[in-house]
Amino acid sequence: MKVAVLMGGASDERHVSLASGVQVARALREVGHEVTAVDTSRGVLSGEEEGEILDRGVDPAPPEEGELEALGAGESSFLARLPDLRDHDLIFPALHGGRGEDGTLQAVLDLAHLPYAGSGRLGCTLAMDKEVSKRLFRDAGISTPDWRVWSETGSDGLSGGSPGEPSLEEVEEALGYPVIVKPPSGGSTLGLTLAHDRKELIRAVRTAGAHEDRILFEAYVEGRELTVGLLGREPLPVGEIIPAHELFDYECKYQPGLAEEIFPASIPPPLAERLQELALQVHDLL
């Protein structure tokens, strides 16, 4: 097959996308496919550029805002030229965050009648919006930590923008400390903080507000970090992640040696089966 792997883009997860995208391209070539590696903000990558990205891995910090603004124009131009990829048999999106993962790209691919791997536009949209996801889980009887949302921040970055939204005092009373504060449509733990007191909560609101107009406050649940992937509708083995930091943050996720990933996790088989069942239930719901 002739496959175009889309990566990079203009989200703050750009470095993550490039690192995973070139690995996808390499894996597809190893099993005999013809692959075009495309940075959606800058165009087709040369073999030398792919090699440099493979060697470099994920940069310790996400791109600066100024760099992303410049890349955004290139991404918009690429989306308008997607039909240029009609000579490919399949599009493989390896984009992280932003328009590559929130359903926008998938909608454009649908309009261009280009077949692609992964979830469709609605599934991507629902899964990337954590507030919507949590509402769906709650309504389906799937356990999820309690939460509150500000739909937009005020000019000071510290006040909800709509009547009836919770104050900091109400967040503290409802969710207690420590509390998770994060942008509800972000990924890679960017903009996420675990606040232990009022001072940290104020700082966390400003951090999350720099990424998105909405802010999600979520009750913290202490425990082990267990994860279940799915291939199609087949649950994969349950894994456990043990980060070097208090949270499985951006640095722990992408820098060597800062997280131990154990597959399969050392848990009783009935628990593993239950987690796999829940993963499939959530997958089907979204």
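**Entry 1: salt bridges**

A salt bridge here is a side-chain nitrogen of Lys or Arg within 4 Å of a carboxyl oxygen of Asp or Glu. I kept in mind that this is a predicted model. With that rule I looked up Glu131 and Arg135, and their side chains do meet in a salt bridge, at 3.2 Å from N to O. Both sit in helix H6, which runs over residues 130–139, and being four residues apart they are separated by about one helical turn. I reminded myself that an α-helix has 3.6 residues a turn, so residues three or four places apart point the same way.

I then checked how open the two partners are. Glu131 is buried, with a relative accessible area of 14%. Arg135 comes out at 39% and counts as partly exposed.

My search of the whole structure gave 19 salt bridges.

**Entry 2: bridges between distant parts**

Next I went to Glu75 and Arg99, whose side chains form a salt bridge at 2.8 Å, N to O. This pair links distant parts of the chain: Glu75 belongs to helix H3 and Arg99 to the loop between E4 and H4, 24 residues apart. Glu75 is buried at 6% relative accessibility, while Arg99 is partly exposed at 30%.

I also noted Glu240 with Arg224, where the closest N and O atoms of the salt bridge are 2.7 Å apart. Glu240 is in strand E12 (residues 239–243) and Arg224 in the loop between E8 and strand E9 (225–227), so this bridge ties together parts that lie 16 residues apart in sequence. Glu240 counts as buried, at 10% relative accessibility.

**Entry 3: helix H8**

I turned to helix H8, residues 198–209. Its 12 residues reach 16 Å from the first C-alpha to the last, close to the 16 Å expected at 1.5 Å a residue. Which residues of H8 are buried? I list Leu201, Ala204, Val205 and Ala208. They share one side of H8 because they cover an arc of only 105° around the axis.

I looked for what lies over them. The cover includes strands E5 (147–150), E6 (179–182), E7 (193–195) and E8 (215–219), along with helix H7 (168–175). At the N-terminal end, Asp197 caps H8, with a side-chain oxygen 3.2 Å from the backbone nitrogen of Lys199.

**Entry 4: helix H4**

After H4 comes His113, and I noted its positive phi, near 55°.

**Entry 5: Thr125**

Last, I picked Thr125, which lies in helix H5. Is Thr125 buried or partly exposed? I read a relative accessible area of 38%, so Thr125 is partly exposed. Leaving out residues up to four places away in sequence, I see Thr125 touching Asp102 and Gly103. I also compared Thr125 with Thr104: they are 21 residues apart in sequence, yet 8.1 Å apart in space, C-alpha to C-alpha.

Notes:
Residues numbered from 1 in each chain as written. Predicted model: local features only at pLDDT ≥ 70, side-chain atom pairs only at ≥ 80, totals over all residues. Heavy atoms only, no water. Helix = DSSP H or I, 4+ residues; strand = E, 2+ residues; numbered from the N terminus. Expected span 1.5 Å × (residues − 1). Buried < 20%, exposed > 50% of the residue type's maximum accessible area, 1.4 Å probe, protein only. Arc of directions from axis to C-beta. Contact = heavy atoms within 4.5 Å. Polar contact = N/O pair within 3.5 Å; in protein donor to acceptor, adjacent residues only side chain to side chain.
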